[in-house]
Amino acid sequence: MEDSRYPSFLRRSVLAGIGVTVLGNTVRGASVDRSPPTVRQVDENPLLANESFELEFDRETGGITNMRHPPSGTDLLVDGGSENVWKGVLYTDEYDYAEIYTGRATLTDISTTMSSGRVGVELTWESPEVKAQGEDGDDIVDTMDATVTIRVELNEGEPFARWNGRIENESEWSVREFHYPFVDGIAPLSGDGRDALAVPTRLGRLYRDPVTEVDGTVGAEYPSGSATMQFSAYTGPTVGIYCDARDTGGRMKRFEWGSDGSTLSYSTAHTFSQEASTIEPEYETTFGVLRGNWYDAVDRYVDWLNRDGWLSEQPFRNPEWLREHQLMYRSRTHQRPQWGQSGSSSFESSAEHTVAYREYLDAPLIHHETGWQKNGYPGGGDWLPPHEGSESLSAMIRNLEDNGVPTTAFFNPTFLWEGSDTFGRDQDTVESWIMAGGDGNQRFYEERGEKLYQLDLSVSSLQDRVVDVASTLAQLGVRGIQLDGLPWSATLACHRADHDHPVGPGRWYPNAVRTLFRRVHEEITDVDEGAVLGGEGASDYMLPYQAMVNSRDCRAELDGGSAGAGIAEPVPMLQYGLGDRFLVHHQNGEGPIQGQTAKEPYIRLILTRMLLWSGVPEFTLEGQPGRPELFEDLVDFLGEIGRARTTYAERFLVSGTMLRPPSIESERVEVPSPRGEPVTARTRGQAFRSDDDEVAVVLANPTEQVEETDLNLTNQQFEIPSDGLVYRLVDGEYQRIEEDENGTVPLAVSPASVEIVVTAPSNSDREDALTAIIEAQARIDDEESGRLVQAKRAFEEGSFNSAIDLGSSVGEPTEAPSDTTNESESQTSTNEETPGFTAVHGIGALGLGALKWLSGTDEDE
């Protein structure tokens, strides 16, 4: 029996010569709290609808006449809708550009379907006209013998439609990019700048007021540093638009937004190699509505990735040594002559320099070696043997390890210097590694007067060489290896016919890069079970093999591009979504040197971002620590961030989960950027949740003055324990604070300090332990600092009775240790001397927060 909720047009009719077929019958299994999806006709146009989303197609052209969010009554398209739903970009040697698109094809059929919990529409076009651009402008140059099919389905309870597409091509043209959904005429979501494009480029980019501020297009190509995840969103104060690709195979695609000054357009461009004739992506693409901001967009994507993606059965945990060392010193012992003088003259002096800063900062440190290669940084194919020989490099690594400092290193396998020893010695082999461009010539670029050839990492002999270099480094004692340039450049195209891959771009190259990551990961962990693999930038497709991410987003304004021009704002999308899997190290090119006084406010902002974005700061400072030309307060702030990440805030910043930022009122100030537009800065916060359900609001003030502000603990975007124990940490010192009857806590946030407000589930033991620590702090003297440190660590680990006993004993007379306690007291003495190296138990992995801070160079590495 037909369900009365659906119109009785189970028939075949002719609408302007187009066959419209509606199939199916009663929708069953609908949940009681939501309506099932429907398909019906509006002015004879097919309309797909559920409680969250409506999508109406034009019966004559196949374009989209309306896209709507019923609960808010928001029409997402301007009057007239979107003429297009797809387009194809063609390979061409004869013209500058050639394309086919919806408006230049003949719609021949529309059919709609209904089944339990799902409705759909299928549209078919034939004989698209080819529009080409040449010297004489645009013109229609051919009619392509092809059939284009788009299938759109809407499920019960889903606020988005699922899209699939296919082009059956019998012509001599080849399709390079198949764009769908391709939607133009997207209406502005606000007229006051509260709307924004969220794009997962680098760590994340937010383009505010994009209709007026974006000039041309914004694109993100996946899988690479350009698009670390495969989604994008346009958010507004009421409702917005969300799109993603449900692809587990690493196929190349681009998420592209454009503005004409009054509306936006969007398309997902699916990329194919030149040999492809009939093309059909093997995954669904979604397009629909989103209520919320970029955090909600990330939540939707990661929910799919963890539930149905390749991470659904991939447990992960960074090794203990990496979790216990949360500062990184960047060393460059040697450089090629074209790159100037290096900061150190030998591996031995580099190790001494690192150990000196470890002691000066009083925090666990990683040594990141970038100039070990045969001819120094940046390598360019000359990797082994190390510059001073393997034994010298191994001795440096052993010396550092003896001082509690593990070593990581990087090399770039993506390019080859023309003047390298490798190129001159083995020219035939290395020339087989070089990519070819679309014109058939070798791909290269020039830097500092020398050619750098782009390498094709799908070539097996090149992969073998890279794996061998990584294995050798691991055998010499390097614990973390960064494949520089990857996965940032994982979507390159090679047009060499003599390589074992399809000509042009396609899935083959990202998969070759992922294969390389897997092979290197397996090789180095076979040598050292605790070894980790990193890269420049990130891509979720490199998981579970990539663990570390080199990022310069903390100083994004210095790198030019959209952030440098003031068009886009860097935001921590990667850490919020995948912080439990990636550990980001923040590289910065500006050191805290007083001779660069104009940079001091910006450096303070960089440090603030590193703290709040939960990462490992990476820094470079030439000369010995403690010299007068350093900004001492900023160097101290750097050390405090490292101590916070390994001790009192570890369970939040490293082992915890990043939440949304708190809502706080603070004064905005303009911070001058060394390049580009000034940056708006203010006291900012980020919230984190520990495994014990404590919530920490981490605050940082990038200005030069103490700022008074209020934090409300009852009205935030994240859940806070009710009637919890509230206390404050300022650079590791515990303080009690009281909230007023409205749940508001008054704060005075100092510059260059780590300030945290914690709300913890209340119990008497926790409260008594906190009281014991605060009272002990009031009567502390230097001889008893070790016992207080132990009390704090016990409190942070949840050992409240131990914290009470240790805290209460501070200030009491102590007896000389007996023989039976000598060993433990000796360990305590060691911890007192280097409190940053106190063993921290139960440390988890938040993810690639931030290894690269004060890196001393602006170049990509």
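These legends go with close-up views of a predicted model. Local features need pLDDT of at least 70, side-chain atom pairs count only at pLDDT 80 or more, and totals for chains, interfaces and linings use all residues. Numbering starts from 1 along each chain as its sequence is written, and side-chain values use heavy atoms, with hydrogens and water left out.

**View 1. Strand S25, covered on both faces.** Here's S25, residues 328–331 (strands are DSSP runs of E, at least two residues, numbered from the N terminus). Met328 and Arg330 sit on one side, Tyr329 and Ser331 on the other, and all are buried (under 20% relative accessible area, 1.4 Å probe, protein chains only). S25 runs parallel to S26 (residues 366–369), joined by four bridges, with Tyr329 partnered by His367. Two bridges link S25 to S36 (residues 616–619), also parallel, and there Met328 stands opposite Glu618. Strands count as paired if DSSP finds at least two bridges between them.

**View 2. Trp86 in the largest nonpolar core.** This core has 203 residues, and Trp86 is among those with the most contacts inside it, along with Phe57, Trp163, Tyr301 and Phe411. A core is a set of buried Ala, Val, Leu, Ile, Met, Phe, Trp, Tyr and Cys residues joined through side-chain atoms within 4.5 Å. Beyond four places in sequence, Trp86 is in contact (heavy atoms within 4.5 Å) with residues including Trp125, Phe178 and Tyr180.

**View 3. Arg208 in strand S18.** Arg208 and Ile567 are 359 residues apart in sequence, yet their C-alphas are 7.6 Å apart. Glu569 is another residue that Arg208 touches.

Definitions and conventions: Buried < 20%, exposed > 50% of the residue type's maximum accessible area, 1.4 Å probe, protein only.
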